[in-house]
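Subject: Model for you to look at

Hi,

Here is the structure I promised to pass on. Please have a look at it, and then read my notes below.

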Amino acid sequence: MKSAVHQRAIEPPADRKGMPLLLSADGLRRTFGETIALDSCSLSIREGEIHAVVGENGSGKSTLIKILSGIVRAEAGTLDWLGRQASFANPRAAQDAGIATVFQETLVLPDMSIRDNVMLGLDGMIRRKMTPLREREAVRKALAAVGIGNLDIERLAGTVSLANRQMIGVARSLMRPWRLLILDESTSAIDIEDRDRLFEVLRSFRGEGRSILFVSHRMDEIHALADCTTVLRSGRSVASLERGAVSSEIL
Ligand SMILES: Nc1ncnc2c1ncn2[C@@H]1O[C@H](COP(=O)(O)OP(=O)(O)OP(=O)(O)O)[C@@H](O)[C@H]1O
Ligand SMILES: [Mg+2]
């Protein structure tokens, strides 16, 4: 059942309106003991859409993302992926479906090379099947896709800037085929210039018809990037607002 407060404020822009739904969540719920982390969360993401999730600390944003990424299971609610009911039993199942996630606590290991850090996205089986040459090519391609193709992949990850480490984390998520990239507060630690660089990368993905779901606390980021914004309050999605309908009162 759709939540009564789940609203579409204005029609989406014409170019996005005709795009098929990629993901549709309805009434997702998850508790941890006494804590209701997610009470009832509904949202829809179209192909080629950048979708923001906003909400106060503890409002359930990361829990939502963990459900979509197969890290935690929902106790109630439904999830449709490409028009079919889905439930991701583990991270691998979500990845196989085409969901790539950069978690809030994504770690780049400083004493490992950039190349090994990017390859952490793939399990040993796939990695063993790749020749070192193919592996280097794949890593360079993923780094180039996030605008850091100029970095020496054998360099230790701990020797590059924080923003570049963040981009290495994003590149890692891109090593498998994907249709939805999820970023949980990936911008909180980087400065404006680097953030703009990340935004350009995200827009280019949208231009390819792929979708982005990002968690943010910042109005300027939402205005700059989001086609649609879902607001979470105490674990409930209270609104889904199209671009232009978002104002600072929602935060
Ligand atoms: N594994 C867990 N065990 C117990 N409680 C949890 C767990 N994960 C989340 N919670 C609780 O559920 C609520 C929602 O947490 P969640 O991390 O989803 O919020 P958030 O919106 O991502 O917050 P933040 O903005 O701080 O990242 C919080 O009260 C949190 O303490
Ligand atoms: Mg969080």
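What pLDDT does the protein average, and what share of the residues score at least 70? The average is 88, and 92% of the residues score at least 70, where pLDDT is the predictor's confidence in each residue, from 0 to 100. The model is a predicted one, so to speak of local features I need pLDDT of at least 70, and side-chain atom pairs count only at pLDDT 80 or more, while totals for chains, interfaces and linings use all residues. Residues are numbered from 1 along each chain as its sequence is written, chains are lettered from A and ligands numbered from 1 in the order in which they are written, and side-chain values use heavy atoms, with hydrogens and water left out.

One stretch needs care. Over residues 1–13 pLDDT stays under 50, and the model has 28 contacts for them beyond four places in sequence (contact means heavy atoms within 4.5 Å). Where pLDDT is low, the predicted coordinates should not be read in detail.

Now the domains. The protein is divided into domain 1 (1–98 + 178–251) and domain 2 (109–176), with bounds that come from an automatic or database domain assignment. Their centres, taken over C-alpha atoms, are separated by 26 Å. Domain 1 puts 14 residues into the contact, and domain 2 puts in 14 residues.

The largest nonpolar core has 46 residues, of which Val118, Leu143, Ile168, Leu181, Leu202 and Ile212 touch the most other members. By nonpolar core I mean a set of buried Ala, Val, Leu, Ile, Met, Phe, Trp, Tyr and Cys residues joined through side-chain atoms within 4.5 Å; buried is under 20% relative accessible area, exposed over 50%, and partly exposed in between (1.4 Å probe, protein chains only). Helix α8 (residues 192–207) gives the largest share of this core, five residues. The core lies between domain 1 and domain 2, because both give residues to it. Apart from this core lies another, of 25 residues, including Leu68, Trp81, Leu213 and Val215.

Helices (H or I, at least four residues) and strands (E, at least two) are DSSP runs, numbered from the N terminus. With 16 residues, α8 reaches 22 Å from its first C-alpha to its last, close to the 22 Å expected at 1.5 Å a residue (that is, 1.5 Å times one less than its number of residues). Its buried residues are Asp194, Arg195, Leu198, Phe199, Val201, Leu202 and Phe205. They fall within an arc of 160° seen down the axis, so they line one face of α8; the arc is that of the directions from the helix axis to the C-beta atoms. On the other side of α8, Glu193 and Gly207 are exposed. What covers the buried residues of α8 includes β3 (50–55), α6, α7, β7 (180–184), β8 (211–215) and α9 (219–225).

In α6, the buried residues are Glu135, Ala138, Val139, Ala142 and Leu143. An arc of only 135° around the axis holds them, which puts them on the same side of α6. Leu133 and Lys141, on the other side, are exposed.

Finally, Arg155 sits in the loop between α6 (132–145) and α7 (162–173), and counts as partly exposed at 35% relative accessibility. Arg155 and Ser113 are 42 residues apart in sequence but 5.2 Å apart in space, C-alpha to C-alpha.

Best wishes
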